[in-house]
Amino acid sequence: VTHGQVPMPPRSHHVVAIDGPSGSGKSTVAKGVALRCGLRYLDTGATYRAVTVAALRAGLDPSDAAAVTACTAALRWDITPDPVTFAIHLDGAAVAEAIRSAEATAAVSAVAAIPAVRELLVKLSRSVIGSGRIVVEGRDIAAVVAPDAGVKVHLIADPAVRAARRAAEQGRSGEEQRVAAELVRRDHLDSTRAADPLTVAPGALVIDASGQTAEAIIDQISTLVLAEPV
Ligand code: DC
């Protein structure tokens with residue numbers, strides 16, 4: 001009897017986790033990798049933002065854990081996990097614009113700090129991830145949502161670079177210092193909260209995006225993804 005090929009461990013997979021703070025270029029890189037590698041795409045930050053929009057529309061205090069959790073549990077989600085047409089519909093209505101509003105951005109850290117909301121959104125993300133073939137961006141993807149991801153990347157960038165990028169995205173050139181202050185505030189909230197703070201997961205590759213183009217980072221990650229056994 002000869003030994004046959006040793007079967008690969010049952011990895012369903014091709015899950016690519018991309019974590020990092022806001023303004024690190026996560027979304028551009030994550031979408032680029034998904035396009036390049038023919039994978040689906042999920043922006044988990046958008047789900048926290050969507051809950052925030054729902055809570056604000058319901059007139060809730062974003063730090064009222066019980067009320068925001070009940071609001072979250074009642075939502076009907078429809079997510080299009082595609083790098084080009086990514087969309088979230090909440091109870092049938094698109095929320096693409098509302099989730100980028102200044103109000104939602106200011107309130108989202110409070111909502112994302114509620115453990116029961118995180119639990120619901122981790123479940124939601126896992127249901128979208130399903131059997132894989134997807135790039136997932138967020139803060140706790142490698143550490144919590146998909147610890148078995150085959151590729152884990154933690155993107156960082158200089159605060160000044162991140163603020164410049166955010167200011168340009170939001171049409172707020174000239175307001176870099178104000179944008180930088182908002183970023184620092186949100187970083188602090190996101191990395192010091194008790195529930196799943198933003199940390200570098202074991203096994204994650206840390207890439208500093210400061211001096212590199214998105215294209216170069218997409219190349220680097222795509223090479224890892226395409227070398228991964230499926
Ligand atoms: O990436 P973003 O700026 O769209 O994220 C919005 C907020 O959601 C941010 O304050 C951190 C939080 N977030 C989180 O706690 N966990 C995730 N997986 C993704 C985002």
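**Entry 1: Arg193 and the ligand**
I started with Arg193: a polar atom of its side chain is 2.9 Å from an oxygen atom of the ligand. I'm keeping in mind that this is a predicted model. Then I checked how covered the ligand is. On its own the ligand would expose 450 Å², and the protein buries 98% of that. I looked up two other residues in the same way. For Arg49, a polar side-chain atom comes out 2.7 Å from a ligand oxygen. For Asp190, the distance from a polar side-chain atom to an oxygen of the ligand is 3.0 Å.

**Entry 2: Who else is around?**
How many residues surround the ligand? I got 17, and the closest are Arg49, Arg118, Arg139, Asp140 and Arg193. As for where the ligand sits, that's the largest pocket.

**Entry 3: Helices in the shell**
Which helix gives the most to the shell around the ligand? That's H2, with four residues. I noted that helices H2 (44-57), H4 (102-112) and H8 (176-192) each supply at least two shell residues.

**Entry 4: A sheet**
Next I turned to the strands. I found an open sheet of three strands, ordered E3-E4-E5, with antiparallel pairing. E3 (77-80) and E5 (93-94) are at the edges with a single partner strand each, so one side of each has no neighbour in the sheet. I also looked at how E4 (residues 87-90) pairs with E5: the two run antiparallel and share two bridges. Zooming in, I saw Leu90 opposite Ala93 in E5.

Key. Residues are numbered from 1 along each chain as its sequence is written. This is a predicted model: local features need pLDDT of at least 70, side-chain atom pairs count only at pLDDT 80 or more; totals for chains, interfaces and linings use all residues. Side-chain values use heavy atoms; hydrogens and water are left out. A residue is near a molecule or strand if one of its heavy atoms lies within 4 Å of it. A polar contact is a pair of N or O atoms within 3.5 Å; within protein, one must be able to donate a hydrogen and the other to accept it, and residues adjacent in sequence count only if both atoms are side-chain atoms. Accessible areas come from the Shrake-Rupley method with a 1.4 Å probe; for residues, only the protein chains shown count as cover. On a 1 Å grid over the protein atoms alone, a cavity is a set of points where a 1.4 Å probe fits but cannot get out, and a pocket is an open set with protein on both sides within 12 Å along at least five of seven lines; lining residues have an atom within 4 Å of a point. A molecule sits in a cavity or pocket if more than half of its atoms lie within 2 Å of its grid points. Two strands pair if DSSP finds at least two bridges between them.
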